[in-house]
Each structure stands twice: as structure tokens, then as C-alpha cells.
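Subject: Handover of a model

Hello,

I am passing this one over to you. The model comes first and my notes come after it.

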Amino acid sequence: MAKTGVLSFDPTARARAAELKKELHRLVKTIVDDEDYSLHSIDRARDVLSALRAVKFNTRSTATAMTSSLKLHEPLSCPKQFMCPLSKKLMRDPVILASGQTYDRPFIQKWLKTGNRTCPRTQQVLSHTVLTPNLLINEFISQWCESQGTEFQIPVQCRVEEGVTESERHRFFSLLDKLSAAVLPQQKEAAKELRLLTKNMPSFRALFGESVDAIPRLLAPLSEAKSQSGVLHTDLQEDVITTLLNLSIHDSNKKLVAETPMVIPLIMEALRYGTIETKSNAAAALFTLSALESNKELIGKSGVLKPLIELLNEGRPLVLKDVASAIFNLCILHENKARAVSDGVVRVILKMIMDGVLVNELLAILAMLSTHQRAVDEMVEFGAVPCLLRIVRESTCERNNENCIAILHAICLSDRAKWKALREEESSHGTISKLAQDGTCRAKRKANGILDRLRKAVNITHTA
């Protein structure tokens, strides 16, 4: 029997049909597997079927028109906190500006390239223009996209770095020679210039990766000044640590920077004794370096979590977000969760959440730690249950409620003594039932898990 339509002789149509089938398969799987599938997914599946029918039976021009009008993975109406303040659209590559605000990378880069040196939202003058990936928000957006049945596509960054000129190379090694000189004013001058050059010119960041001894020579003045006079020159420390931050942004430098023997000890020293800006940049450097999986273990073993947690406990607003981001990134590795718990992170985080400080970010860390048994035990000990239930009752933030109920679910599995408090909350306010009906997909699963356990406990009691 002869086949009808354009597929048999049009390679373009065959390719288009394959793309549509792939999209249809994804949408149908979402609808079948997810109890909380959205109407948007159904509408999209219908549209894809219509376009596939057009490719199969219509003329080439009609099929092209219909499939071009169907935009695969079109952006959804998303929660406000996931929208870029500049584009007003879902962020695909969220990055943190020096002001602490988060933007989508291409739009904030465009803002900075036009010569602006202020934060678009706060109008704060920027101390630097380094853009740090916001992995917390990135993860939240990814989870939200999954719950909506759409794909979270991170744009491929095609950055063409300018080649290094001979004059730049000469300037680079000249500055390293100044750092190696025993004259402190020259060292400070060279460190400040390298800080500015590595901030503004990717070619200088790349040069550090090409020279085996460049990073040790950058660090030498800090080690020498301390060993010779015992005096810490905070301006020199700030420039060197900020240069390390600039270098760590360059992906091919991350492994080299972290594995240079003196880097992590000097960053730890900066966390404890540096200026506020130095502490902030030291934490940001740890955050960017720990984006590399192998670095998470290396940095965690160094003992750096303890000074990070101490700095978090100090509660200085200018450094809190950088410190929280570094702790979050490091605790993705299970072994680092144990280290963080041993260093007292649970008590510090719970105290800050109870005081209403950095609640969103710290709840995300606490939710991650809830897969560690000792962390769960300490959460119970330090009064997490009433605090988390209060947040769920009062908060309108879906992500915070999701993290709270995930932690409560872990506590429910671990400590039967807390079932009474959960039952009383449910009887008085219906807090868990409301989340089981109106929460995110993950929140509903966790809330229903708690309710099932509470119901089974009641049934066992009645039977007995």
C-alpha cells in the first residue's frame, strides 16, 4: 500500500516529524507519570499532534507554516522570583551581581557592556562586575520546570576570548616579577593591577592557567609578609584573594587554582581575618571553585567549612549570601554534610531562620542536610519542628514551604516522638493537609507521606 503525504520523499519533513514525535513523547510521559500534570501540557500535546498531522498529510508549505508557528518548549508564566528583573522572563542562566541581586546572564551582561556600573534594581554602585552563577536559584527553576512538564534548557555559552597579544604577555610576566620582588609597595601595586586586569580581561585569566608557577607567585607576597613581620597587610590580602576569585571564574582554571597548595589555607585565613570585602570575595571564590565536582571533596577536606560557618554565625549582611552559597555548594557532596554538621551548621542555621535572616537560602541548605541522620537529630534537638510548622502556616513562598515539609518529612521518618506535635498542628490548623492539596508536586508528596504515617499510627492505636 502506497504511503501518503510528504514524509516519503522530503528529508526536511522527516526530520521535522522526528522532532515533533520526540516532543510528543516527552509531553505524554509527563501527563501519564505526573499526577499533578498541567493543562498547559495537554494543550501542548494537542498542538504537537496537529503539527504532526500537517507534516504527514499537508503540502510542504502548509506543514512548514504550522510547525514554525508551534514553538517547542515555549516559556511558561513563571513565579516572580524566577523572572529576570530585566527581561521579565524565566531565567535560564541565573547569576549574582555584586549587589546580591540575581539576573539572567545575557541581559545583565548587555547592561554592563553598555557602560553601566550600577545594579539595575537597587541602583547600588558595583564594587566589581564579576557574575557568579546562582546555583540555588538554578536548581529551584529546574525543579519548577520539571513540575510544569517543560524542559529547562540552559543556553550554551559561546564566549570567544580574545587572543593574548605579546604586549599583554609581557605585562603579565612583568607584574609577576614585581610580586616576587622584596619591595612591599611594588608588590601591592602589582597585586592591585592584576586584580583589575583579571576582572576585565579574560585573556589575563587564561594566562594564569598557562604558566605553572603564576599562581604560587601571586600568593607569595601574602606568605612572605606574614612569615617575615607577622603583620597582615589587608589591602594586599584583598587584592590577591579577589584575583583568585577572578581566576576561578575561568572554567579551565578551577582545578588548577584549587589544587595549588597555598590557595585554600590563604582563603581560610581571609575568611577569618580579612576585611568585609575580602571575606565576601573569599567565600565567593570557594563557591565558584566548588562548582567542579572534584573540588568539593578537596575543599571540604581542608576544614574550610568551619570558618564559613563561623562567618555565617557572625551574621554580617554583606557576606551572608556568598557564605550561604558556598556552604550549599559544598554540601551537595554527602561527606561534606557530615563535616558541616560536626562544625555546628544546624544550630547556626536554625537560629538565623528563627530570627528571620536569609530564610530562603538557609532553608534550602537545611533541606539538603535533612538526608543526613545526625543533622535531623540536631534539628529536633534545636527546636526545628515548631519553627518549620510556623513558616508553612505563614509563608506564601512555595519553595520555602516545599523545603519545610521535606525537612518535616525526614524528621517524621526519624523521630516518632514528634508525631504528636504534627498531629496537634494538623488538628488545630490543617497545615499539612493544605500543603498536600495546594503545594508543589514535591511538597504534596512529602505532606501526604506525613499524613499517611499519622493515619497509620492512629489506626494501630485504635486496634491495640
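The model is predicted, so local features are reported only at pLDDT of at least 70 and side-chain atom pairs only at pLDDT 80 or more, while totals for chains, interfaces and linings use all residues. Residues are numbered from 1 along each chain as its sequence is written, and side-chain values use heavy atoms, with hydrogens and water left out.

**Pocket**

The second largest pocket has a volume of about 600 Å³. A pocket here is an open set of points on a 1 Å grid over the protein atoms alone, where a 1.4 Å probe fits and protein lies on both sides within 12 Å along at least five of seven lines; lining residues have an atom within 4 Å of a point. Grid points are joined across faces, edges and corners, and the volume is the space filled by probe spheres set on the points.

The lining is made up of 24 residues, and those nearest the centre are Gln81, Thr102, Arg121, Ile137 and Lys321. Helices α5 (135-147), α16 (317-330), α19 (359-369) and α22 (398-414) each supply at least two lining residues. The largest share, three residues, comes from α5. Helices (H or I, at least four residues) and strands (E, at least two) are DSSP runs, numbered from the N terminus.

By class, the lining has 10 nonpolar, eight polar and six charged residues. Ala, Val, Leu, Ile, Met, Phe, Trp, Tyr, Cys and Pro count as nonpolar, Asp, Glu, Lys and Arg as charged, and the others, Gly among them, as polar.

**Salt bridges**

The structure holds 24 salt bridges, each defined as a side-chain nitrogen of Lys or Arg within 4 Å of a carboxyl oxygen of Asp or Glu.

One of them joins Asp93 and Arg105, with the closest N and O atoms 2.8 Å apart. This pair links distant parts of the chain, 12 residues apart: Asp93 is in the loop between α3 (60-69) and β1 (94-96), and Arg105 is in helix α4 (residues 105-113). Both Asp93 and Arg105 are buried. Buried means under 20% relative accessible area, exposed over 50%, and partly exposed in between (1.4 Å probe, protein chains only).

Another salt bridge is formed by the side chains of Arg195 and Glu277 (2.9 Å, N to O). This pair also links distant parts of the chain, with Arg195 in helix α7 (residues 184-200) and Glu277 in helix α13 (residues 276-289), 82 residues apart. Arg195 counts as buried at 13% relative accessibility, whereas Glu277, at 26%, counts as partly exposed. Arg195 and Glu277 belong to a network of salt bridges that also includes Lys192, Glu238 and Asp239.

Arg316 and Glu314 form a salt bridge as well, their closest N and O atoms being 3.2 Å apart. Arg316 is partly exposed at 36% relative accessibility, and Glu314 is partly exposed at 44%.

**Single residues**

Most residues other than glycine have a negative phi. Lys88 has a positive phi near 60 degrees. Lys88 sits in the loop between α3 and β1 and is exposed, with a relative accessible area of 56%. Leu358 also has a positive phi, of about 50 degrees, and is not a glycine. Leu358 is in the loop between α18 (345-354) and α19, and is buried at 16%.

His250 is in the loop between α10 (234-249) and α11 (254-259). His250 is buried, with a relative accessible area of 12%, and its side chain makes a polar contact with the side chain of Ser252 (3.0 Å). A polar contact is a pair of N or O atoms within 3.5 Å; within protein, one must be able to donate a hydrogen and the other to accept it, and residues adjacent in sequence count only if both atoms are side-chain atoms.

Lys446, in helix α25 (residues 441-463), is partly exposed at 25% relative accessible area.

Regards
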